[in-house]
Structure formats: structure tokens, C-alpha cells
Amino acid sequence: MSKTPPTTPTPTPSPGPGPGPLERPPAPGERDRPDGRGRTGLDAIGRDLDGNPDVVVRDVEVSSDGWHVLRRTTFDVRGRDGTWSTQQRETYDRGNGATILLVDPARDTVLLTRQFRFPAYVNGHADGMLVETAAGLLDEDDPETAIRREASEELGVEVGALTHVFDAYMSPGSVTERVHFYAAEYSPADRTSAGGGVADEGEEIEVLELTFAEALAMVDDGRIVDGKTIMLLQWAALRRLTTGSLG
């Protein structure tokens, strides 16, 4: 007589997350109390996220609210085996930004900037002077308005038709910023001012006009090490190979 094999219990996924000791209700008026720049509700960002059913935000704490905002968020996440775990992540919120590669197809040149970047300097760059595409934070503007503003301030160029290239998260492990990438054509007639940045904001920006070939060579030999600039130059090189233009 055959024996019935023992049955193996089916694992039961852990129940979904619920209220627990990690939840920290804000102190009276905490979310409405302005920081040094007049901002309110800094600890409310992310609390209402519901796009991913496997992630439930439990708490958001503001660790620093200087010029930008550092938050520590506690959340429950459901793994592929159905079990829930509690994790914490720090995020640095500096807002979203935009950047642009300006190309003169008649002369085969590009307009770039050179400026001092302390974070690169403190992390091993020889002098901190980085060659970059013009860029800046959106602040209260939409991306197209913002990048036209930055091109005018940094490069002295009044930009015409814009090509939206793509959007990218540049450091998604810790920085929330999403950058909007653009390209546009320019000519000498479009250079209506000297550029150089906004002096009142401490900007001292050198405008560089390089041949496209030289800019690519600077990527190859390490003179250009800025991520957004490398991405746009390589995008332009690929676009030329496939279409013959930036259009």
C-alpha cells in the first residue's frame, strides 16, 4: 500500500505594512513652518506616493534644509517572494534641471562652458575646472524656458528652435534630480551678449567655442569628464551617423 507523501505547507506572504512604531507624526505646525528660504512642507514630499504597490512610505524626515534638501525616508518594500522589509534611504533634492548642446552646422562648432566645480575638485579633479554644456536648475520655469534662460546667461546666445533629446536621472541612487536634455543650432548672429553667467550669483563662466571633432577628442582623452556633456556629444555623434544632422 503506497503512502501518501506529506504535504508541504504553502508559504504565506507576510501581510502588508501597517501603522508601526517607525511612523512619526509631525509636530504641530512642523510641515507649515518655513525654513531659511521660506519653504514649507519639506517633510511631506514622498508621503503620498502610491504608484508602486510594493512600496509603502512610512516616514519622511528632513535632515538638512540649507540651499537644497536632504531627506531620510523610511519605507516598506515587498520582495519578489512576497515578504515585506523596512528600509531607509537618504535623498538629496536640488530640484530638476536642463542642459543644452549648441551646434553651428555651417562651421561645425559647439559652444561649451568652463567653470569651477568644487565637488569635482574635492573628489580628485586636478583643478576643478570642468568643461560642460550650458545647464541650470528649472527653478519655477518649465524646461524649455529654463534652458533658454541658461543659454542666454552662460553663453550669450538667444536660442531658436529646440530639439528635445531625452530626460535622464543622473544619479538615481541618492539624487532626485531629473535633467531635461536639449540640442539646438546657433550661428554667430545668435550670440547677442558675452555670456559668462550671473555675477550676482557668484558665477564666473568661460565660453568655449570648439570644433565638434575637438570636443569629441576631449571626451576621449579625459579633458571632458562631465556626464551630461559626454551624453550630449555622443548623442550628436550618433545622430550624425544615422541622419546626417541633429534634426
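**Pockets and a helix pair**

Author: The lining of the largest pocket divides into 17 nonpolar, eleven polar and 19 charged residues. The model is predicted: local features need pLDDT of at least 70, side-chain atom pairs count only at pLDDT 80 or more, and totals for chains, interfaces and linings use all residues. Residues are numbered from 1 along each chain as its sequence is written, and side-chain values use heavy atoms, with hydrogens and water left out.

Reader: What makes a residue nonpolar, polar or charged?

Author: Ala, Val, Leu, Ile, Met, Phe, Trp, Tyr, Cys and Pro count as nonpolar, Asp, Glu, Lys and Arg as charged, and the others, Gly among them, as polar.

Reader: What makes a space a pocket, and which residues are closest to the centre of the largest pocket?

Author: On a 1 Å grid over the protein atoms alone, a pocket is an open set of points with protein on both sides within 12 Å along at least five of seven lines; lining residues have an atom within 4 Å of a point. About 1,700 Å³ of space lies in the largest pocket. Of its 47 lining residues, His68, Arg94, Arg117, Leu137 and Glu177 are the closest to the centre.

Reader: Which element gives the most to that lining?

Author: Helix α2 does, with four residues.

Reader: How large is the second largest pocket?

Author: About 400 Å³ of space lies in the second largest pocket. Its lining has 14 residues, with Gly46, Leu49, Val57, Thr73 and Thr91 closest to its centre. β2 gives the most to this lining, with three residues.

Reader: Why are α3 and α4 called oblique to each other?

Author: Helix α3 (residues 212–220) and helix α4 (residues 227–243) pack at about 125°, with axes 10 Å apart. Angles under 35 degrees count as roughly parallel, over 145 as roughly antiparallel, 65 to 115 as roughly perpendicular and the rest as oblique. The two helices are therefore oblique.

Reader: Which residues of α3 meet α4?

Author: Phe212, Ala215, Leu216 and Val219 do, with contact meaning heavy atoms within 4.5 Å.

Technical notes
Axes fitted to C-alpha atoms, helices over the stretch in contact; angles between N-to-C directions. 1 Å grid on protein atoms, 1.4 Å probe; cavity = no way out; pocket = protein on both sides within 12 Å on 5 of 7 lines; lining within 4 Å. Points joined across faces, edges and corners; volume = space filled by probe spheres on them.
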